[in-house]
Amino acid sequence: MEKRELRYVWRRAKREDFPVIAAFPRNAEEQYYMYPKGTFPLDPEQLALEAESRVCPTVILDGNAVIGYGNLYGVEPGSHGWLGHVIIDPDYRGKGAGRFLIETLISIAKMELGLRELRLVCHNTNTQALRLYWRTGFVPYEMDGTPDPSGRNLMRILMKRVLTDA
């Protein structure tokens, strides 16, 4: 079987991208990991409105197809910001798309926004995402408990990555 090398590109998200992005979560748990304030199934309009309050809403593409989304928020110039709403099309998981999205957002945070540190929150039950963040240089620095919408107790793992060489 011939192995196809995937080449991804990125651009800023457009309003018309959100119906595609909203379909990425396969179930309520995935939607909660991506957007805890959202509802399942995810409403594209709700997600688009939320993106308006975020910094650098970004999509990644395979050809013309939107295959991933993420943004930044809580940006304190010259200091730190937070990575949020990260989601990859299920057909592209495990194929480098998540790594490409995270590395793109790291580059935006460092080069465009001048951030020294990027932070994120990941739930203890989201093993696939924890592994991705670990492989892209994020390390845990704090944890706290939170219930999910079903009342199940989860741990929020706060992770960070230093973006400067000093």
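Predicted model: local features only at pLDDT ≥ 70, side-chain atom pairs only at ≥ 80, totals over all residues.
Six bridges tie strand 2 to strand 3 (residues 65-73), and the two run antiparallel. Strands count as paired here if DSSP finds at least two bridges between them. The elements themselves are DSSP runs numbered from the N terminus: helices are H or I with at least four residues, and strands are E with at least two.

Residues are numbered from 1 along each chain as its sequence is written, and side-chain values use heavy atoms, with hydrogens and water left out.

Back to strand 2, which also pairs with strand 1 (residues 9-12): four bridges join them, again antiparallel. Threonine 58 turns up here too, as the bridge partner of arginine 12. How buried is strand 2 (residues 55-62)? Seven of its eight residues are buried, so the strand is largely enclosed by the rest of the structure. Buried means under 20% relative accessible area, exposed means over 50%, and partly exposed is in between (1.4 Å probe, protein chains only). Aspartate 62 sits in strand 2 and counts as buried because its relative accessibility is 12%. Its side chain makes a polar contact with the side chain of tyrosine 92, at 2.8 Å. A polar contact is a pair of N or O atoms within 3.5 Å; within protein, one must be able to donate a hydrogen and the other to accept it, and residues adjacent in sequence count only if both atoms are side-chain atoms.

Now follow strand 3 on to strand 4. Five bridges join the two, which run antiparallel, and glycine 68 stands opposite isoleucine 88 in strand 4. This hairpin has six residues between its strands, and glycine 74 in the turn has a positive phi of about 55°. Serine 79 is also found in the loop between strand 3 and strand 4; at 28% relative accessibility, serine 79 counts as partly exposed. The side chain of serine 79 makes a polar contact with that of histidine 80 (3.1 Å). Leaving aside neighbours within four places in sequence, serine 79 is in contact with Leu115, Arg116 and Glu117, where contact means heavy atoms within 4.5 Å.

Strand 4 has nine of its nine residues buried, so it is largely enclosed by the rest of the structure. With strand 5, strand 4 pairs in the parallel sense over three bridges; there, the bridge partner of glycine 81 is leucine 118 in strand 5.

Next up is helix 5 (residues 127-135). Which of its residues are buried? They are Ala129, Leu130, Leu132 and Tyr133. These four cover an arc of only 160° around the axis, which puts them on the same side of helix 5; the arc is that of the directions from the helix axis to the C-beta atoms. On the other side of helix 5, Arg131 and Trp134 are exposed. The cover over the buried residues includes strand 4 (80-88), helix 4 (97-112), strand 5 (117-123) and strand 7 (153-162). After helix 5 comes glycine 137, with a positive phi near 95°.

The largest pocket holds about 910 Å³. Of the 38 residues that line the largest pocket, the closest to its centre are Tyr33, Val86, Asn126, Ala129 and Tyr133. Helix 2 (28-34), strand 4, helix 4, strand 5 and helix 5 are the elements that give two or more residues to the lining. A pocket, on a 1 Å grid over the protein atoms alone, is an open set of points where a 1.4 Å probe fits, with protein on both sides within 12 Å along at least five of seven lines; lining residues have an atom within 4 Å of a point. Grid points are joined across faces, edges and corners, and the volume is the space filled by probe spheres set on the points.
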